[in-house]
Amino acid sequence: MFKKLMTVAAGVVLAGGLAACGSDGDGGSGGSGGAGGSGGSDEITMGFAQVGAESGWRTANTKSIQASAEEAGIDLKFSDAQQKQENQIKAIRSYIQQKVDVIAFSPVVETGWDTVLAEAKRAKIPVILTDRSVDSDDTSLYKTFLGSDFVLEGEKAGQWLVDNAKTSDTNGDGAIKVVELQGTTGAAPAIDRKTGFEDKIAADDTIEIAASQTGDFTRDGGKKVMESFLKSQQDIDVVYAHNDDMGLGAIEAIEAAGKKPGVDIKIITVDAVKDGMTALSEGKINFIVECNPLLGPQLMELAKKVVAGEEVPERVVTEETVFDQEQAKAVLADRQY
Ligand code: AHR
């Protein structure tokens, strides 16, 4: 009981400026002590610091983590950082204070984690990077990184454009003018998807990125940036959006400008969530590179091993595919998220 009260107190500290809840929605206060940390039971306690709820992908990822924790019998303390690094750092410090058995998080941006990760290391709490990685020279600060290869995702998007260059010149002027909707500035998927895409389109000198701006991975952000691109840029042929939500926002802006998305302006996105796949099957998007959000089962498996002191691979890459319009029509009915 005393331990439980102490945990409640730590949860209250976390609540300042942070949306936090346990897997049972109890404000981060629930759960018994962890296997090694606060002791008393064999149940593993995991502190998970999520990026936010910025996209359909993120919502599916959160659901996967919460459902998998329950299934695996792991006591999950979950916090939503509302896309702010300082909130994630606060959440991680709170998990250290609560002596959880393992910390997992999806870093909102790549840099600036060494201090808090060193604190977790000193407290002997293992850390698992999930979905996104950190940019740090000290790889001893975390046990493993589970997630997609974002550079490869960008390459797949760029390769599709190179392979479909002829039909993507919607204005028929011999030049393919691309506008890019970037993810959150400084986030690994924004940096890597840009790099991968640029590397591939370099093979065709008729393709150029005319404008590139962040839409913060949100539908609203994608819509606003696309509205401004439509005003500032003549003859846009292609939109490359770093996620489905921004692509869906761009569709709204393109339709409002009296143009046909997928026809007058081709659209390439990343994620393949249900709303994106629906737009793809309707012909409003032309190509989607999949990014799999269902990381929960693998994360729980890794967490059990790490807490038991077993070796885990330093990198676990998610398997993913790509979809064109016909492929989207074929799988849409079975798409879970
Ligand atoms: O880190 C994964 C990316 O973050 C997804 O592509 C995007 O939708 C999310 O917000």
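Predicted model: local features only at pLDDT ≥ 70, side-chain atom pairs only at ≥ 80, totals over all residues.
**The whole chain**

Begin with the protein chain shown as a cartoon. Twelve helices and 13 strands make up its list of helices and strands. The chain has 337 residues, and 54% of them count as buried. Among contacts in the chain with a separation of 6 or more, 73% are between residues 24 or more positions apart.

**The ligand**

Hide the surface and select the ligand. Where does the ligand sit? The ligand is in the largest cavity. Then select the residues that surround the ligand, including Glu 54, Trp 57, Arg 58, Asp 131, Arg 132, Phe 150, Pro 189, Arg 193 and Phe 217. Two helices, α2 (56-72) and α7 (188-201), each supply at least two residues of this shell.

- Asp 271: an N or O atom in its side chain is 2.6 Å from an oxygen atom of the ligand.
- Asn 243: an N or O atom in its side chain is 2.9 Å from an oxygen atom of the ligand.
- Ser 55: a polar side-chain atom lies 3.1 Å from an oxygen atom of the ligand.

How much of the ligand does the protein bury? Taken alone, the ligand exposes 280 Å², and the protein buries 100% of that.

**Ser 133**

Select Ser 133, in the loop between β5 (127-130) and β6 (144-147). Is Ser 133 buried or exposed? Its relative accessibility is 16%, so Ser 133 counts as buried, since the cut-off for buried is under 20%. Leaving out residues up to four places away in sequence, Ser 133 touches Pro 107, Glu 110, Phe 145 and Ala 188.

**Helix α10**

Go to helix α10, residues 274-281. Which residues of this helix are buried? They are Gly 276, Met 277, Ala 279, Leu 280 and Ser 281. Colour their partners next: the buried residues of α10 pack against α9 (244-256), β11 (287-290), β13 (322-324) and α12 (325-331). Just after α10, stop at Gly 283, where phi is positive, at about 85°.

Most residues other than glycine have a negative phi. The next two residues have positive values.

Select Lys 99 in the loop between α3 and β4 (102-105). Phi of Lys 99 is near 55°. The relative accessible area of Lys 99 is 48%, so this residue is partly exposed.

Then select Asp 235, in the loop between α8 (219-232) and β9 (238-241). Phi of Asp 235 is near 50°. With a relative accessible area of 44%, Asp 235 is also partly exposed.

**Last stop: Gln 97**

Finish at Gln 97, a residue of helix α3 (residues 85-97). Is Gln 97 buried or exposed? Gln 97 has a relative accessible area of 53% and is therefore exposed, as the cut-off for exposed is over 50%. To end, draw a distance line from the C-alpha of Gln 97 to that of Ala 120: the two are 9.5 Å apart in space and 23 residues apart in sequence.

How values were computed: Residues numbered from 1 in each chain as written. Heavy atoms only, no water. Helix = DSSP H or I, 4+ residues; strand = E, 2+ residues; numbered from the N terminus. Buried < 20%, exposed > 50% of the residue type's maximum accessible area, 1.4 Å probe, protein only. Contact = heavy atoms within 4.5 Å. Near = heavy atom within 4 Å. Polar contact = N/O pair within 3.5 Å; in protein donor to acceptor, adjacent residues only side chain to side chain. Areas by Shrake-Rupley, 256 points an atom, 1.4 Å probe, with all protein chains shown as cover. 1 Å grid on protein atoms, 1.4 Å probe; cavity = no way out; pocket = protein on both sides within 12 Å on 5 of 7 lines; lining within 4 Å. Sits in = over half its atoms within 2 Å of the grid points.
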